[in-house]
Amino acid sequence: MITLKVNGEVRELDVDPEMPLLWALRDVLGLTGTKYGCGQAQCGACTVHLDGEVVRSCVTPVRRAAGREVTTIEGLSPDGSHPLQRAWCDLAVPQCGFCQAGQIMTSAALLASNPKPGDADIERCLAGNICRCGTYTRIRAAVKKAAQISEEGR
Amino acid sequence: MRERRGAPGRCVLAVAVIALACGRTRRQPETTSKGGASLPQVSAGELRSAEALAQIENRADRSRALFAEASRVFLHPRCVNCHPDGDTPHQGMDLSVHDPPVVRGPDDKGVVGVQCSSCHQDHNLELARVPGAPEWHLAPRAMAWVGKSPHAICEQMKDPARNRGRTLAQIVEHNAHDRLVAWGWNPGHGREPAPGTQEQLGQLIAAWVESGAECPIEGATP
């Protein structure tokens, strides 16, 4: 039995410890906001936070999350009001949308460590998050807008 | 970091050990030491043992030969790929730039969003082909090996200012037992391992230290 906290709630999982965290989130806990993309940590669609740090859940064994806190896109805010979610809506960032949960989760980790990131910071941080629709310019603008929303909200 | 290419090994034959000991290069393969004793021929995937090199009578020549043999491990892509002379690691047998284009960050473990541990686990993932080992990280910039000669690597390894203050004894221990170093011989997913074994490397470095920790002559290559 593996005990972990997911989006603030303690969960006990009777699963193979080597099961990818993504499988546990989607298939066992029903949290389908996190997407399966490449399954090789190459695209970033499966990005979640583990104690605030970015991990690719498709290659992270669930045992690594034991006793730790996992945050998924569903847990970023209770009502979609995180500055990144607001900025994403304001700028209509997604096209197909498949990669966007990963883009937002990675960006959230960036803003948590760097409240006012520049272009280079954003590019370095999101280097592992691929968008096949090519929404990169809107993503960058939205991260900056989220930083602005956060600053104004202080 | 994924190995996608099937390019032939960059590893070269350890044929110039004695040339290194004598400070000469560009020689045909030799199997006879200065003292006339024969040294064993080894394949690209093997190392000459410390015991085999013990027959080199001159202590300094023996020390240089021991490090030169060990440098075949240090310069193998499994090792040198994470000792980049820049901010991005390499991958594959051809030292391709790491994909995705990660950077070393302030502590050599990546930056927020693309830390080494974002993708690399404590073990190799065979299905996903993602290599992994405990404490996966880049060597500090001061320990860059890409493009360096055995002489330069040797001087660097002995220099406390560039080896994180390690003593020679600690260098022996690191080479012989470090778990990330051990990945070089257990790289997973069909990747070519470093030559020999970690135990052999540890013995070579221990013998190198015991023989005076002499460095190969600049310009000499294994």
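Colleague: What share of the contacts in chain A with a separation of 6 or more comes from residues 24 or more positions apart?

Modeller: This is a predicted model, in which local features need pLDDT of at least 70 and side-chain atom pairs count only at pLDDT 80 or more, while totals for chains, interfaces and linings use all residues. Residues are numbered from 1 along each chain as its sequence is written, chains are lettered from A and ligands numbered from 1 in the order in which they are written, and side-chain values use heavy atoms, with hydrogens and water left out. A contact means heavy atoms within 4.5 Å. Among contacts in chain A with a separation of 6 or more, the share from residues 24 or more positions apart is 59%.

Colleague: In what order do the elements of chain A run from the N terminus on?

Modeller: Helices (H or I, at least four residues) and strands (E, at least two) are DSSP runs, numbered from the N terminus. Chain A has 5 helices and 5 strands. Their order is β-β-α-β-β-β-α-α-α-α.

Colleague: Which residue meets the side chain of E123(A) in a salt bridge?

Modeller: A salt bridge is a side-chain nitrogen of Lys or Arg within 4 Å of a carboxyl oxygen of Asp or Glu. For E123(A), the N to O distance is 2.5 Å, and the partner is R140(A).

Colleague: How many residues apart in sequence are the parts that E123(A) and R140(A) tie together?

Modeller: The salt bridge joins the side chains of E123(A) and R140(A). E123(A) lies in helix α4 (residues 119-125) and R140(A) in helix α5 (residues 136-152) of chain A, so the pair ties together parts whose separation in sequence is 17 residues.

Colleague: In which helix of chain B do R72(B) and E69(B) both lie?

Modeller: Their side chains meet in a salt bridge of 2.9 Å, N to O, and both residues are buried. R72(B) and E69(B) are 3 residues apart, about one turn of the helix, and that helix is α3 (residues 59-74).

Colleague: Which residue forms a salt bridge with D85(B)?

Modeller: D85(B) is partly exposed at 42% relative accessibility. The closest N and O atoms of the pair are 3.8 Å apart, and the partner is K148(B).

Conventions
Buried means under 20% relative accessible area, exposed over 50%, partly exposed in between (1.4 Å probe, protein chains only).
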